[in-house]
Amino acid sequence: MTKKTIMLVCSAGMSTSLLVTKMQKAAEDKGIEADIFAASASEADQHLDSKPIDVLLLGPQVRFMKAQFEEKLAPKGIPLDVINMSDYGMMNGEKVLAQAESLMK
């Protein structure tokens, strides 16, 4: 399997960095090669322009931005979803990774 790039977007990029760590551990445990990183909503565009993203997940606190991200991502064919609030709150890296994987299939 080729390395997948998963971008998480939240309001400041802070709370999501802990989730990134848990997702990286889950990916490692499953033998998945993944570049998982967090970005603030204001930095998202630079990342989208500078590297190939396989899937984008929005933190629950920025779910109101989903439509505007869908508009940006549709031409690039990048799947997008909002992270389940309880998985986010519990920092469940395995479940969020599984969500990203299902979007990439």
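This is a predicted model: local features need pLDDT of at least 70, side-chain atom pairs count only at pLDDT 80 or more; totals for chains, interfaces and linings use all residues.
Residues are numbered from 1 along each chain as its sequence is written, and side-chain values use heavy atoms, with hydrogens and water left out.

Back to α1. Helices here are DSSP runs (H or I, at least four residues), strands likewise (E, at least two), numbered from the N terminus. The buried residues of α1 are Thr 16, Leu 19, Val 20, Met 23, Ala 26 and Ala 27. Looking down the helix axis, these fall within an arc of 130° (taken from the directions from the axis to the C-beta atoms), so they line one face of α1. Their cover includes β1, β2, α4 and α5, going by contact, that is, heavy atoms within 4.5 Å. After α1 comes Gly 31, with a positive phi near 70°.

Now for the partner, α5. Its buried residues are Gly 93, Val 96, Leu 97, Gln 99, Ala 100 and Glu 101. The axes of α1 and α5, lines fitted to C-alpha atoms over the stretch in contact, with angles from 0 to 180 degrees between N-to-C directions, come within 8 Å and cross at roughly 75°. That makes the two helices roughly perpendicular, a label for 65 to 115 degrees (under 35 is roughly parallel, over 145 roughly antiparallel, the rest oblique).

Conventions. Buried means under 20% relative accessible area, exposed over 50%, partly exposed in between (1.4 Å probe, protein chains only).
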